[in-house]
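Please find below a colleague's note on the structure shown here. It is arranged as numbered points.

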Amino acid sequence: MKRILLAIAFITFFNSFIHSQATKFTYIQFDITASITGNPDKDDSYYYPESTSSNAFFVPNGLGAKIGYGVHYKKWLTLGLHSGLDWKWDDKLVAVPVFLNLGLSPKVGPETRIMLQAGYGKGFALGRGNLNGAYKRAKLGIGSDDFIIFAEISDYAFPLYDQKSIGTISFGVTLTDFFHYNSQED
């Protein structure tokens with residue numbers, strides 16, 4: 001909790017410092033994800049032809065949405081505070097991550113960027129009492145300044161059923177709005 005409060009204080013200080021320089025460098029980021037898992041019933045259709053299970057190697061296992069606010073430097077370095085919801089169907093779990101997100105997005109073409117983001121914070125399970133733990137995520141994507149397609153790996157470090165932690169592999173899209181303006185000087 002101290003880290004989250006420290007991150008909020010740092011972002012507030014940094015944002016006010018930039019604002020005092022009459023220039024604003026902030027962003028808002030919105031992610032929509034669909035997580036996947038290995039299909040436990042993949043071989044059922046081979047042994048039981050009347051089975052309705054899928055032959056797919058991977059099947060959907062959840063949905064997620066996250067939003068974040070922070071500061072950026074020339075759209076290629078970002079630091080922000082993010083939160084959202086992750087819903088895992090098989091585990092019957094709805095979790096809320098609150099994390100500090102550090103991102104690098106260098107240009108690799110005239111309009112193309114590669115995005116690499118790492119996040120660390122706290123994850124809370126909804127409706128499970130006091131179930132919480134560390135939250136970690138890594139994200140790799142490609143796209144433009146404001147639209148990126150990505151793959152993400154995340155982990156909630158709290159035990160559920162017979163699992164030590166809950167991990168997800170997700171694919172999704174990121175929409176980012178970079179606010180950047182300079183004050184008019186006469």
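Predicted model: local features only at pLDDT ≥ 70, side-chain atom pairs only at ≥ 80, totals over all residues.

1. The largest nonpolar core consists of 10 residues: Leu93, Ala95, Phe99, Ala125, Leu131, Tyr135, Tyr156, Phe158, Leu160 and Ile166. Strand β4 provides the largest share of this core, with three residues.

2. Leucine 131, one of the core residues, is in contact with Gly123, Phe124, Ala125, Phe158, Pro159 and Leu160, leaving aside neighbours within four places in sequence.

3. A nonpolar patch lies on the surface, with about 890 Å² of accessible area together; among its members are Tyr73, Trp76, Leu102, Leu116 and Ile142. Strands β4 (93-104), β5 (113-125) and β6 (132-143) each supply at least two residues of this patch. Leucine 116, in strand β5, is partly exposed at a relative accessible area of 47%.

4. The count of salt bridges comes to nine. In one of them, aspartate 145 pairs with arginine 113, with the closest N and O atoms 2.4 Å apart. Aspartate 145 sits in the loop between β6 and β7 (147-157) and arginine 113 in strand β5, 32 residues apart. Aspartate 145 is partly exposed, at 23% relative accessible area, whereas arginine 113 counts as buried at 7%.

5. Lysine 136 forms a salt bridge with aspartate 155, the closest N and O atoms being 4.0 Å apart. Because lysine 136 lies in strand β6 and aspartate 155 in strand β7, this pair ties together parts 19 residues apart in sequence.

6. Glutamate 152 and arginine 137 form a salt bridge at 2.8 Å, N to O, and both are buried.

Definitions and conventions
Residues numbered from 1 in each chain as written. Heavy atoms only, no water. Patch = residues over 30% accessible without salt bridge, like charges linked within 9 Å, V, L, I, M, F, W, Y side chains within 5 Å. Areas by Shrake-Rupley, 256 points an atom, 1.4 Å probe, with all protein chains shown as cover. Salt bridge = Lys/Arg side-chain N within 4 Å of Asp/Glu carboxyl O. Helix = DSSP H or I, 4+ residues; strand = E, 2+ residues; numbered from the N terminus. Buried < 20%, exposed > 50% of the residue type's maximum accessible area, 1.4 Å probe, protein only. Core = buried A, V, L, I, M, F, W, Y, C linked by side-chain atoms within 4.5 Å. Contact = heavy atoms within 4.5 Å.
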